[in-house]
Amino acid sequence: MTWIAVDWGTSNLRAWRMEGPSAVDHRTSNAGMGSLTHDGFEPALVDLISDWIDGPTQIVACGMVGSRQGWAEAAYSPVPCVPLSTNLAQPNCQDHNLTVRIIPGLSQTKPHFDVMRGEETQVAGFLAMNPDWDGVLCLPGTHTKWVHVSAGEVVSFQTYMTGETYAAVSGHTVLKHSIGDGLDGAAFDTAVDEAMSRPERNAQRMFGIRAEMLLAGLNADVAAGRLSGLLIGAEIAGARPYWLGQNVAIVGDQKLTALYERALKAQGAFVSIGDVTGATLAGLWSAYQKEF
């Protein structure tokens, strides 16, 4: 049972050659949704996996490939709902050997407007790997998601632009000359505590990073730890009603996951860690089984 699993985001395209639920090969390109026109999706995919196509080939994809600017729009499924809809989008392929299905994202209008694409597949995969799990999933990234899951359904979720804010502040403001590539843990911890107690002072504290570097030679890695702690601390303070008293599982990039785990454990939260690639593939496999 050979098929292709695809995670197609704004910046990158990742593909796995699958045998049942198991990956036997993996490839990545920078042909993300953000760099393609509508007619460019199929050529970009075929360019990456052409030697995997040997006769009729079934492909299941998740992520921004299903957005309005993607290959074929996969309409959002409103919560509360199971994370994987059966209403997958079906783009028309020039290569008639290809049968492609794209997983829809999730949407929310109350208590606030929110959307996700790609993370719903990770949620589905995590639940497939952890049956009967109830709690809150934290999915850190450019746009971090906090997802309340109960009885196999996504009840509600909220998104924080923490990762994108860090990139913008560290790369496009006065702090661009202050932030290092490393990260000082002690500075991170202190900044998390400061942000959780007085998040309204974050803008002042961020400028203080620049001032201290100019006047006292603040180390660049300490500066990075401080900025990261201020932003993640403010996020955790805002998300407190979600995670307080709940089982929390963090599923994401290893470096980011470690920071969120550190910050949450310091607040007394019970935290477990999930495998982001494993969750993604398990979710895509679940969708494949339903569709094919």
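Strand S9 and strand S10 (residues 144-150) form an antiparallel pair over 5 bridges, where two strands pair if DSSP finds at least two bridges between them. Helices (H or I, at least four residues) and strands (E, at least two) are DSSP runs, numbered from the N terminus. The model is predicted, so local features need pLDDT of at least 70 and side-chain atom pairs count only at pLDDT 80 or more, while totals for chains, interfaces and linings use all residues. Residues are numbered from 1 along each chain as its sequence is written, and side-chain values use heavy atoms, with hydrogens and water left out.

**Exercise 1.** Determine how the buried residues of helix H1 (residues 41-49) are arranged, and what they pack against.

*Solution.* First list them: Phe41, Glu42, Ala44, Leu45, Leu48 and Ile49 are buried. Viewed down the axis of H1, these residues fall within an arc of 165°, so they line one face of the helix; the arc is taken over the directions from the helix axis to the C-beta atoms. An α-helix has 3.6 residues a turn, so residues three or four places apart point the same way. Then identify the partners, which are strands S1 (2-8), S2 (13-19), S3 (22-29), S4 and S6 (98-102), with contact meaning heavy atoms within 4.5 Å.

**Exercise 2.** Characterise the second largest pocket by volume, lining and supplying elements.

*Solution.* On a 1 Å grid over the protein atoms alone, a pocket is an open set of points where a 1.4 Å probe fits, with protein on both sides within 12 Å along at least five of seven lines, and lining residues have an atom within 4 Å of a point. The space amounts to about 330 Å³. Of the 21 lining residues, Gly163, Tyr166, Ser228, Leu256 and Leu259 lie nearest the centre. Helices H3 (162-172), H6 (220-238) and H8 (254-266) each supply at least two residues of this lining, and the largest share, 5 residues, comes from H3.

Terms used: Grid points are joined across faces, edges and corners, and a volume is the space filled by probe spheres set on the points. Buried means under 20% relative accessible area, exposed over 50%, partly exposed in between (1.4 Å probe, protein chains only).
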